[in-house]
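Student: Please take one part of this model and examine it closely. Which residues form the lining there, and how does it compare with the part that holds the ligand?

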Amino acid sequence: MKAMRLDKYLTKAEGMSRSEAKQILKKGRVTLDGERVTRPETKIDAETAKICVDGRPCVYEEYTYLMFYKPKGLITATEDAREKTVTDWIGEDARGLFPVGRLDKDTEGLLLLTNDGAMAHELLAPGRHVDKRYYAVLDGAVGEKEQKQFAQGLDIGEKRPTMPAVLEPALDGSEKYAVYITIKEGKYHQIKRMAKAVGRKVLYLKRVSMGSLTLAPELSPGQYRPLTEKELAGLIRLTRLERS
Ligand code: URA
């Protein structure tokens, strides 16, 4: 038995906000075991209830989603004989979870861990082009010329140039040569290789966002927490949107 309010169920299963859930309930678009329901506070058993929206069955599965501020020094894997992994660091709370995408050992920042394979697939699929944004400190200045090169795509030694990427100065910190870089792919060492292609070296790298998910300011390196309802709804919406 997994007792839950109907509006909460709809946010989880359909990736809508609570107010959207309330609206579709009010409009009579939702049925519970074949009967129309309109009250958001209706208690249901999420494991057995048959909920439909506009006659289409909803699928609800309980997954875990953790936002982790990966510190430097951990490798992005679930197991490694020699090195400490992100799941070793988190311990019991990461049991059965896997990281969505990879950050280098010396890269910090946002890492999503989940057991939701379908979502991971949608976020990582090369054809989906989910934005990944990084804060990088470089070893020297970059300007309009490099911005254009990033926007045009760079030769990093692959068959094809990289997809257009955004390079912006980071004016919010004290570092002189800090930039934000947004890429749509996730090739091995991609940011470092793109920087190298314009004659620069990355001295510090931190991922700040992935799609709609942004590294929470209250987290310090090494800390983690479950995604909020809103964050999860954003990812569900993003992956659904890009699926269609
Ligand atoms: N690009 C890199 O070079 N390293 C990372 O960890 C992520 C993106």
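Tutor: Helix 7 provides seven residues, the largest share of the lining of the second largest pocket. The model is predicted, with local features needing pLDDT of at least 70 and side-chain atom pairs pLDDT 80 or more, whereas totals for chains, interfaces and linings use all residues. Residues are numbered from 1 along each chain, and side-chain values use heavy atoms, without hydrogens or water.

At least two lining residues each come from helix 1 (6-14), strand 6 (56-57), strand 7 (65-70), helix 4 and helix 7 (229-243) (DSSP runs numbered from the N terminus: helices H or I, at least four residues; strands E, at least two). The lining has 28 residues in total, with Lys12, Tyr63, Tyr65, Asp116 and Ile236 nearest the pocket centre. By class, 15 are nonpolar, four polar and nine charged. The space in this pocket is about 550 Å³.

The largest pocket holds about 670 Å³ and has 31 lining residues, including Arg102 and Tyr188 among those nearest its centre. Helix 4 (117-124), strand 10 (132-138), helix 6 (190-197) and strand 13 (202-210) each give two or more residues to that lining. Its residues comprise 15 nonpolar, seven polar and nine charged. The ligand sits in the largest pocket, surrounded by residues including Leu103, Asp104, Tyr134 and Leu205. One oxygen atom of the ligand lies 3.2 Å from a polar backbone atom of His189, and a ligand oxygen is 3.1 Å from a polar backbone atom of Lys192. For Gln190, a backbone N or O atom is 3.5 Å from a ligand nitrogen.

Methods. 1 Å grid on protein atoms, 1.4 Å probe; cavity = no way out; pocket = protein on both sides within 12 Å on 5 of 7 lines; lining within 4 Å. Points joined across faces, edges and corners; volume = space filled by probe spheres on them. Nonpolar A, V, L, I, M, F, W, Y, C, P; charged D, E, K, R; others polar. Near = heavy atom within 4 Å. Polar contact = N/O pair within 3.5 Å; in protein donor to acceptor, adjacent residues only side chain to side chain. Sits in = over half its atoms within 2 Å of the grid points.
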